Amino acid sequence: MRAVGVTELPEPTMCRGGCAYEPKFDGFRSLAFIDDSGIYLQSRQAKNLTPYFPDIAAALHKSVAPGTVLDGELIVFDTVTGRTSFTDLLARVIAGHQLLRRAAARPATLVVFDVLADAGTDLTGQPLQERRARLERLLAAAPPAVALCPHTTDVAMARTWFDELAVTGVEGLVVKDLASRYQPGRPG
């Protein structure tokens with residue numbers, strides 16, 4: 001689902017099923033398809049990102065069941081500056097023949113905020129609240145390269161995130177209706 005910009009943080013009552021708030025990371029939006037033949041990371045423009053993120057593919061292969069589809073953001077966090085680095089993220093894509101060496105120098109993380117299918121079960125018709133609970137169970141033992149996106153229903157915590165997380169490279173907040181179903185390509 002595509003986000004629609006707003007000028008003020010919606011109160012929980014403004015969402016039909018209550019609002020959930022998540023940080024919006026500066027990275028590449030990616031769907032991760034996990035199946036018996038391997039892992040496929042797809043960009044928003046339907047491009048194959050898998051060759052540029054072998055570490056993410058390996059982490060997903062080890063920790064997520066085939067038939068699962070995850071929605072998330074690929075990021076690189078620079079521990080020296082204490083923020084995400086879009087430059088380092090782009091460098092992974094530009095690396096070419098030096099990909100594996102550069103990937104190790106710029107570890108990536110897939111910050112997962114939704115699950116669209118779990119072990120072959122389509123979840124897109126379920127409300128976000130149910131998908132989120134399933135995602136939390138699914139990623140409970142995932143390696144650090146696959147991280148669950150922070151999520152709160154507390155508007156005061158969301159305001160704190162909005163005020164304090166910008167220094168880490170967070171671009172803002174995404175507000176989601178907990179009752180919403182996943183609708184690909186549609187604004188929400």
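A disulfide links Cys15 to Cys19, with an S to S distance of 2.1 Å; a disulfide is here a pair of cysteine sulfur atoms within 2.5 Å. In this predicted model, local features need pLDDT of at least 70 and side-chain atom pairs count only at pLDDT 80 or more, whereas totals for chains, interfaces and linings use all residues. Residues are numbered from 1 along each chain as its sequence is written, and side-chain values use heavy atoms, with hydrogens and water left out. A search of the whole structure finds one disulfide. The torsion about the S-S bond of Cys15 and Cys19 is about 90°, so the disulfide is right-handed. Both Cys15 and Cys19 are buried, where buried means under 20% relative accessible area, exposed over 50% and partly exposed in between (1.4 Å probe, protein chains only). Another cysteine, Cys149, is also buried, at 1% relative accessibility.

The chain contains five helices and nine strands. Helices (H or I, at least four residues) and strands (E, at least two) are DSSP runs, numbered from the N terminus. Along the sequence their order is β-β-β-α-β-β-α-α-β-β-α-β-α-β. Of the 188 residues in the chain, 44% are buried. Contact means heavy atoms within 4.5 Å; among contacts between residues at least 6 apart in sequence, 71% join residues at least 24 apart.

Strand β4 (68–78) pairs with several other strands, two strands being paired if DSSP finds at least two bridges between them. β2 and β4 run antiparallel and are joined by seven bridges; here Leu31 stands opposite Asp71 of β4. β4 and β6 also run antiparallel, with eight bridges between them, and Glu73 has Val111 in β6 as its bridge partner. With strand β5 (residues 83–84), β4 pairs in the antiparallel sense over two bridges, and Asp78 lies opposite Arg83 in β5. The hairpin of β4 and β5 has four residues between the strands, and Gly82 in this hairpin takes a positive phi near 75°. β4 is mostly covered, as 10 of its 11 residues are buried.

The largest nonpolar core has 26 residues. Such a core is a set of buried Ala, Val, Leu, Ile, Met, Phe, Trp, Tyr and Cys residues joined through side-chain atoms within 4.5 Å. The residues with the most contacts inside this core are Leu41, Phe53, Ile56, Leu60 and Leu70. Two or more core residues come from each of β2, β3 (38–43), α1 (54–63), β4, β6 (108–118) and α4 (128–138). Apart from this core lies another, of seven residues, among them Cys15, Ala158, Trp161 and Leu173. In soluble globular proteins, nonpolar side chains tend to be buried together.

Helix α1 has Ile56, Ala57, Ala59 and Leu60 buried. Seen down the axis of α1, its buried residues fall within an arc of 165°, so they line one face of the helix; the arc is that of the directions from the helix axis to the C-beta atoms. His61 and Lys62, on the other side of α1, are exposed. The buried residues of α1 pack against β2, β3, β4, β6 and β8 (146–148). Leaving aside neighbours within four places in sequence, Leu60 is in contact with Ala32, Ile34, Ile39, Leu41, Leu70, Leu110 and Val146.

Two aromatic pairs are found in a search of the whole structure. Rings of Phe, Tyr and Trp (its six-membered ring) pair if their centres lie within 6.5 Å; planes under 30 degrees apart count as stacked, over 60 as edge-to-face and the rest as tilted. Phe28 and Phe86 form an edge-to-face pair, at 5.5 Å centre to centre and with 85° between the planes. Phe28 belongs to strand β2 (residues 28–35) and Phe86 to helix α2 (residues 86–94), so this pair ties together parts that are 58 residues apart in sequence. Phe28 is buried, with a relative accessible area of 16%, whereas Phe86 is partly exposed, with 29%. The ring centres of Phe33 and Tyr40 are 6.3 Å apart and the planes stand at 45°, so that pair is tilted. Phe33 is partly exposed at 27% relative accessibility, and Tyr40 is partly exposed with a relative accessible area of 31%.
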